[in-house]
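Reader: Please take me through one metal site in detail. I would like the surroundings too, in short steps.

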Amino acid sequence: MSEHIDSVKTYALVFAALIAATVGTTAVAFVDLGPFSVVVALLIAVCKMLLVALFFMHVRHSTRLTRLVVLGGLLWLLILIALTMGDILTRNWVGVPGR
Amino acid sequence: MITAAVPERENYLNNAYGIKSWLLTRDHKRIGLLYLFTVTLFFFLGGAFATMIRIELLTPQGNFVSSETYNKLFTMHGVAMIFFFLIPAIPATLGNFFLPMMIGARDLAFPRINLLSWYLLVIGGLFSLFAMLAGGVDTGWTFYTPYSTTYSNSWVIATALGIFISGFSSILTGLNFIVTVHRMRAPGMTWMRMPLFVWSHYATALIQVLGTPVVAVTIILLFCERVFHIGIFDPTLGGDPVLFQHMFWFYSHPAVYIMILPAMGIVSELVSVFSRKPVFGYQFVAYASMAIAVLGFLVWGHHLFVSTQSVYAALVFSFLSYFVAIPSAIKVFNWTATLYKGSISFATPMLYAFGFIGLFTIGGLTGLFVAALGFDVHVTDTYFVVAHFHYIMVGGTIMAYLGGLHYWWPKITGRMYPEGWAKLSALIIFLGFNLTFFPQFILGYLGMPRRYHVYPDEFQVLHVLSTAGASVLAVGYLMPMIYFIWSLRYGKVASANPWGATGLEWQTPSPPPVHNFDVTPIVTHDAYDYSTVIGQEVEVG
Ligand code: HEM
Ligand SMILES: [Cu+2]
């Protein structure tokens, strides 16, 4: 295929960054941040996901249609999370007798 | 009679013989037939389970099978019918065969992946079937936690893994369709010239690709909880059982559109051909498919109205559910408008299309009933819901599937089916269907819960009617099996375009050559432009 391919050096750097992020996630797990533990872990995970998609999966050099497909997938994940949380976060708004 | 010594024209069926030429084929047409064979098997298997369910329900006492066996029966019925028949039924058979032909392509974009997806369905199906039979899975096709985790054996997980495997079959089929539609259209085949069958399969493919991975993830999470005791759905481990329902229905509501959209695609073709008019409001019907695909992802919470879902979420889901009805209604109205002043022929496929329109409308409207919060609290988990979805899935999808099979049978096999017998069986199916499922609306409304086999005496009359209808329906389904096979040898030889249809699949011999077209077609007209076939001889109708 005639697509642009990154240099080995770029790949190695991305790989190093991914490993570093993994170490980071593990390290953070030992620090008690309260509810923010999850937030930090997810943030790191999102960064890793972006690195993999953009570099390893070549989305950075892909056509607009391919990017649309990637964005569509993310949007659908967002739908799943948003509407599910819409239930979970509002479940206790109405008082339940005896609870 | 003088038999001419002309060698038979080469086509996809006679170009190679032997078991290997089938099991290793990459021809989308042959793979379509492999699927046809497979899903037919699962259909009759699921039908056998249904027969036992209906026999049990003849009497108010549970005296034919035990409660445990009854639970296993409806589970096996649901799993076989939904995951291994309805989901692949139309896209993987007729879609596989005709989507490439209708856009003037020589095959799907990824022929090997197409074959792989058939193997995945077979492996997943056999795996689930074995697990269900060996382990006695009794959770229902929905696998709700904690039935499927805390209160069950590990065969449940094995069954779900079979579904996981066959899910990839569905994803790969969808992927193949999307790429094919984007990349393989013949010259002149613009998006707005594509037959509506192709549009609806494109929309279906999007759902398959976007939705199925979620059910796969859900099954993996079940597995993790069962095997590694990671708390996801089990409250004692810190999980949330309702989360399972969210994730399951995020896939499974859109999945009902995987079952109905291809059926709608068939009906669009049939209504147009047999009234010899372009589909009224072509663009609306095309975009309605896309709208259904997208909106279908926003309504899953209507399955959770009584599952401790927040009332606020329930309100939103109920509201959104009414939106899906709009594109569905657009289609029904547009098909009806297509008939207006058409030159209507009542050939068998058209009878099925009529059956579809009526029964789908009843199924869809009762969907709106159960999407209303207050009404659903009354009828949820009753036979009303059972009747609702059987009107759509059996009255809708299977009707359209049979209509499509009859319509394309001459193209697939090169033979006509016997019209008289076919009309008779279409009639028997329609009557049998209504006799089976209409009483279930009343039963449910009166309070007969689903998934119970012991019931109060006053429900017996309606249950007996339903079982009687099921027997009629069974006869109706067996008849096409017999005359289709009969027609392979004795049916009238079909011409290239027996219906005078406009689709590209009819512009090539029946059965088609290996690469579909001897010369790549060049498209110069809209999909349903009957001026292109004026003067051509129509054999039937
Ligand atoms: C017009 C749009 C539709 C609406 C608004 C709708 C609404 C609903 C609702 C609210 C329920 C839940 C009822 C309950 O459990 O109390 C339901 C159940 C169901 N519907 Fe529909 N529906 C629609 C179309 C369809 C279609 C097209 C199919 C199939 C092809 C389908 C198949 C099912 C199935 C299988 C169930 C039962 C699931 C179970 O086992 O619990 N529905 N529907
Ligand atoms: Cu639904």
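**The copper site and its surroundings**

Author: Along the chain, the donors of the copper ion (ligand 2) follow the spacing H-x48-H-H. This is a predicted model. The protein donors are His253(B) through ND1, His302(B) through NE2 and His303(B) through NE2. They lie 1.9 to 2.0 Å from the copper ion. Distant parts of the chain are linked here: His253(B) sits in helix α7 of chain B, while His303(B) sits in the loop between α8 (282-295) and α9 (311-339) of chain B. These two histidines are 50 residues apart.

Is each of them buried or exposed? His253(B) counts as buried because its relative accessibility is 6%, under the 20% limit. His303(B) counts as partly exposed because its value is 29%, between the 20% and 50% limits.

Arg450(B) has a side-chain N or O atom 2.8 Å from an oxygen atom of ligand 1. His388(B) places a side-chain N or O atom 2.9 Å from a nitrogen atom of ligand 1. For Trp141(B), a polar side-chain atom lies 3.1 Å from an oxygen atom of ligand 1.

Next, the packing. The largest nonpolar core has 174 residues. Inside this core, Phe356(B) and Trp408(B) have the most contacts. Helix α3 (residues 67-102) of chain B gives the largest share, 21 residues. In soluble globular proteins, nonpolar side chains tend to be buried together. Setting aside residues up to four places away in sequence, Phe356(B) touches several others, among them Ile260(B), Ala263(B), Met264(B) and Val267(B). Its partners also include Trp335(B), Gly395(B), Gly396(B) and Met399(B).

One last stop is a loop. Tyr147(B) lies between α4 (111-135) and α5 (155-183) of chain B. Leaving aside neighbours within four places in sequence, Tyr147(B) is in contact with Thr139(B) and Ser152(B). Tyr147(B) and Ile103(B) are 44 residues apart in sequence, and their C-alpha atoms are 46 Å apart in space.

Key:
Residues are numbered from 1 along each chain as its sequence is written. Chains are lettered from A and ligands numbered from 1 in the order in which they are written. This is a predicted model: local features need pLDDT of at least 70, side-chain atom pairs count only at pLDDT 80 or more; totals for chains, interfaces and linings use all residues. Side-chain values use heavy atoms; hydrogens and water are left out. A polar contact is a pair of N or O atoms within 3.5 Å; within protein, one must be able to donate a hydrogen and the other to accept it, and residues adjacent in sequence count only if both atoms are side-chain atoms. Donors are N, O and S atoms within 2.8 Å of the metal (3.2 Å for Na, K and Ca); water is not among the atoms, so sites may look incomplete. Helices (H or I, at least four residues) and strands (E, at least two) are DSSP runs, numbered from the N terminus. Buried means under 20% relative accessible area, exposed over 50%, partly exposed in between (1.4 Å probe, protein chains only). A nonpolar core is a set of buried Ala, Val, Leu, Ile, Met, Phe, Trp, Tyr and Cys residues joined through side-chain atoms within 4.5 Å. Contact means heavy atoms within 4.5 Å.
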